[in-house]
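Subject: Structure handover

Hello,

Here is the structure you asked about. Please look through it first and then read the notes below.

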Amino acid sequence: AHLDDYVVTKTEEACVALVEGEILEGTLDGTAETLDLKNYINIIDKKTAALFALSAQLGAYLSGAAAADVERMRLFGQNAGIAFQMVDDILDIIANEDLLGKPCGTDLKQKTPSLVNVLWLASGETQARTFFDQDAPTPESVIEARQHLLSSAIIQESRQYAQHYAQNALDALNAIDEQKLNPLIRGQLQSLVEYTLTRCL
């Protein structure tokens with residue numbers, strides 16, 4: 001309440017987006033008709049990327065950056081947030097429980113609209129359709145699906161999407177003139193994006 005209207009408004013907008021993303025995710029029923037890439041991107045843009053974008057945008061704004069650079073930082077945060085969520089989705093399949101901090105295969109078990117699930121269902125594989133047609137996947141079917149995905153092209157396709165959005169983030173950051181951004185801070189932001197990717201490569 002002690003900050004100016006811009007900060008309050010942008011924070012309100014991010015909070016609204018977060019709630020919208022949660023509600024939208026709740027409307028998906030695990031079928032190919034709803035579990036598609038467009039819906040997925042829309043949801044993670046609201047649920048995850050909105051908070052990354054807000055942080056980057058307000059940091060630039062409060063530092064006194066020009067409006068164009070504030071927008072570039074917003075784009076940096078948005079794309080970094082999307083890449084972060086995509087990597088998290090990939091790790092649900094390829095990581096072990098110690099690295100992930102939660103049981104592996106949770107997105108499969110819950111038929112969550114994760115990137116891997118969306119791409120697998122879109123692939124048209126019979127096994128994917130059979131898996132997602134289950135009302136409640138059995139532990140055995142989750143293990144089998146995870147093993148299948150580990151050796152499939154879906155993981156590499158998912159990595160390519162994450163790399164695409166990470167590059168978008170770096171492009172937005174690099175669009176800021178060298179004289180307007182401390183080299184140390186620029187390097188730290190670049191490292192953040194690069195570290196995000198290395199977790200799933």
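**Helix packing**

Helix α2 (residues 37-62) packs against α3 at an angle of about 140 degrees, and their axes lie 6 Å apart. Axes here are lines fitted to C-alpha atoms, for helices over the stretch in contact, and angles run from 0 to 180 degrees between N-to-C directions. That makes α2 oblique to α3; angles under 35 degrees count as roughly parallel, over 145 as roughly antiparallel, 65 to 115 as roughly perpendicular and the rest as oblique. Ala, Val, Leu, Ile, Met, Phe, Trp, Tyr, Cys and Pro count as nonpolar, Asp, Glu, Lys and Arg as charged, and the others, Gly among them, as polar.

This is a predicted model, in which local features need pLDDT of at least 70 and side-chain atom pairs count only at pLDDT 80 or more, while totals for chains, interfaces and linings use all residues. Residues are numbered from 1 along each chain as its sequence is written, and side-chain values use heavy atoms, without hydrogens and water.

How do α3 and α9 pack? Helix α3 (residues 67-94) and helix α9 (residues 154-174) have axes 8 Å apart, at an angle of about 160 degrees. The two are therefore roughly antiparallel, and α3 passes α9 in a left-handed crossing. Their contact holds 19 nonpolar, 3 polar and 2 charged residues.

**The chain as a whole**

The chain has 10 helices and 0 strands, both taken as DSSP runs (H or I, at least four residues, for helices; E, at least two, for strands) and numbered from the N terminus. Its radius of gyration, taken over C-alpha atoms, is 18 Å, close to the 17 Å of the globule rule for 201 residues, so the chain is as compact as a globular protein of that length. That rule is 2.2 Å times the number of residues to the power 0.38. Of the 201 residues, 43% are buried (under 20% relative accessible area; exposed is over 50%, partly exposed in between, with a 1.4 Å probe and protein chains only).

**Single residues**

Asp133 sits in the loop between α7 (126-132) and α8 (139-150), and is exposed because its relative accessibility is 52%. Cys15 is partly exposed at 44%, and so is Cys104 at 23%. The whole structure has 0 disulfides, meaning pairs of cysteine sulfur atoms within 2.5 Å.

Definitions and conventions
A crossing is left-handed if the near helix is turned anticlockwise from the far one by less than a right angle, and right-handed if clockwise.
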